[in-house]
Amino acid sequence: MFATIKNRFATTDIEVKREDLYKVVVQRDAIFELIFMLREQYDYQTLNAITCCDWIEEEHFAITYILTTSDRKQSFMVQTMIGREDAQIDSLTHTFEQAEIMERDLHEMYGIDFPGNQNLVELSLENWVHTPPLRREFDTLEFVNNNLSFREGRDGNMDVKKEMKRLRALKKAQKAAAKKAKEEASEVSDGN
Amino acid sequence: MDEGFLKEQQVMESDLNSETSHKSSVDFLMDWFRRRSIFVLAYGTGCGAIEMPPTFTSRYDAERLGIRGAATPRQADVIIVSGYCSYKTLRRIIRTYEQMANPKYILALGSCTVNGGMYWDSYNTIKRLEDYLPVDMYVNGCMPRPESILEGFMALQKEIGDGKISSWQKYEDNYAFYRKNQEAVLGQTVAPAYDADWYLYDGGL
């Protein structure tokens, strides 16, 4: 199988991540052909997941399709890179129906377009108008500071570090005083 | 003596000779009835909902204090916001709260409703519940145990019995403030306007 895939798609080596998990990276125009071949010839009949990883420094998304055989003993990760700007890749819904909801997820979280998916509406967010939240240029903390307000601290709120330092010094002084008192007491008893 | 059933007993008996004995008998009776029959909406948001079943079932048995479940918002007196609220949940909570009949109370559980809790930097979770709805009682903890929830309920009951709580009135009086905050996170389509009589629209009844 490895030889066939390598000869036909001329990619880098197939990585054996675990004895039951293989991974291969292919060009985006060959990926669907490879997925069909895995499904038809090698019994990879289930699409487990479509995942996406945002490589902002290299300016691409890594899209991974994870396929599993019908006896659930082998999995195959098929990965391809797509550009971050106007990211789009064809839908897989015509082959695997369960791809619909996974693609909706990626569309919502990364803004990737999937031509061919008939139901590319929002999945878990509502009326989201900002940058898709899992893209790395989306700054969560900045968004929170701009849109939401925090409660101010309680009255008499103190600086924790300062307060801990003060308490530690106080404790030390108390300890020293106690020690001194003990010593004095022992001296007095010795004198007696 | 500071915890457990004895403490609960103490709290229950503590107001027998309280300063509110000057109220008229009718007021006193109404408040007494209200505090002894609190119907809690069967609705849970976030992780805190997991503490509610033990509170209401035989181990802690909230019904001995007059606290029991209600199936619909129209029958309920209290809504428990039991943990973090995402925007999507907040929309449902607002809608549910507005469907409840007066007098109605909100009990908020956990750090998340106070200040975002561990979701303080989440893009999809509100930080302060009281910006959007009037909260009567906070029970802190992450999550509060059923004992804490019961104690929160008893504190709420005490305030109800004293006739001190009128948060629904506060919500109606400051509706512009709440609506503004709600629209800031949910957009224009929060829920139908609170003061609108829905049956007067579309020609009415």
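Colleague: In which helix of chain B is the place of B:Thr55?
Modeller: This is a predicted model. Helix 3 of chain B covers residues 52-56. The place of B:Thr55 is in that element, helix 3.

Colleague: Does B:Thr55 count as buried or exposed, and why?
Modeller: Buried means under 20% relative accessible area. B:Thr55 has 0% relative accessibility, so B:Thr55 counts as buried.

Colleague: Which residue has its backbone oxygen 2.6 Å from a polar atom of the side chain of B:Thr55?
Modeller: Residues up to four places away in sequence are left out of a contact list for B:Thr55 that includes B:Tyr60, B:Pro146 and B:Leu150. The 2.6 Å distance runs from the side chain of B:Thr55 to the backbone oxygen of B:Glu51.

Colleague: What percentage of the 205 residues in chain B is buried?
Modeller: Chain B has 8 helices and 5 strands. Of its 205 residues, the buried share is 47%.

Colleague: Among contacts in chain B between residues at least 6 apart in sequence, what percentage join residues at least 24 apart?
Modeller: Along the sequence, chain B reads α-α-β-α-β-β-α-β-α-β-α-α-α. For contacts between residues at least 6 apart, the share joining residues at least 24 apart is 76%.

Colleague: How many Å apart in space are A:Phe96 and A:Gln45, C-alpha to C-alpha?
Modeller: A:Phe96 is in the loop between strand 5 (75-83) and helix 3 (99-110) of chain A, and counts as buried because its relative accessibility is 2%. A:Phe96 is in contact with residues including A:Tyr44, A:Gln45 and A:Leu67. A:Phe96 and A:Gln45 are 51 residues apart in sequence, and their C-alpha distance is 8.9 Å.

Technical notes: Residues are numbered from 1 along each chain as its sequence is written. Chains are lettered from A and ligands numbered from 1 in the order in which they are written. This is a predicted model: local features need pLDDT of at least 70, side-chain atom pairs count only at pLDDT 80 or more; totals for chains, interfaces and linings use all residues. Side-chain values use heavy atoms; hydrogens and water are left out. Helices (H or I, at least four residues) and strands (E, at least two) are DSSP runs, numbered from the N terminus. Buried means under 20% relative accessible area, exposed over 50%, partly exposed in between (1.4 Å probe, protein chains only). A polar contact is a pair of N or O atoms within 3.5 Å; within protein, one must be able to donate a hydrogen and the other to accept it, and residues adjacent in sequence count only if both atoms are side-chain atoms. Contact means heavy atoms within 4.5 Å.
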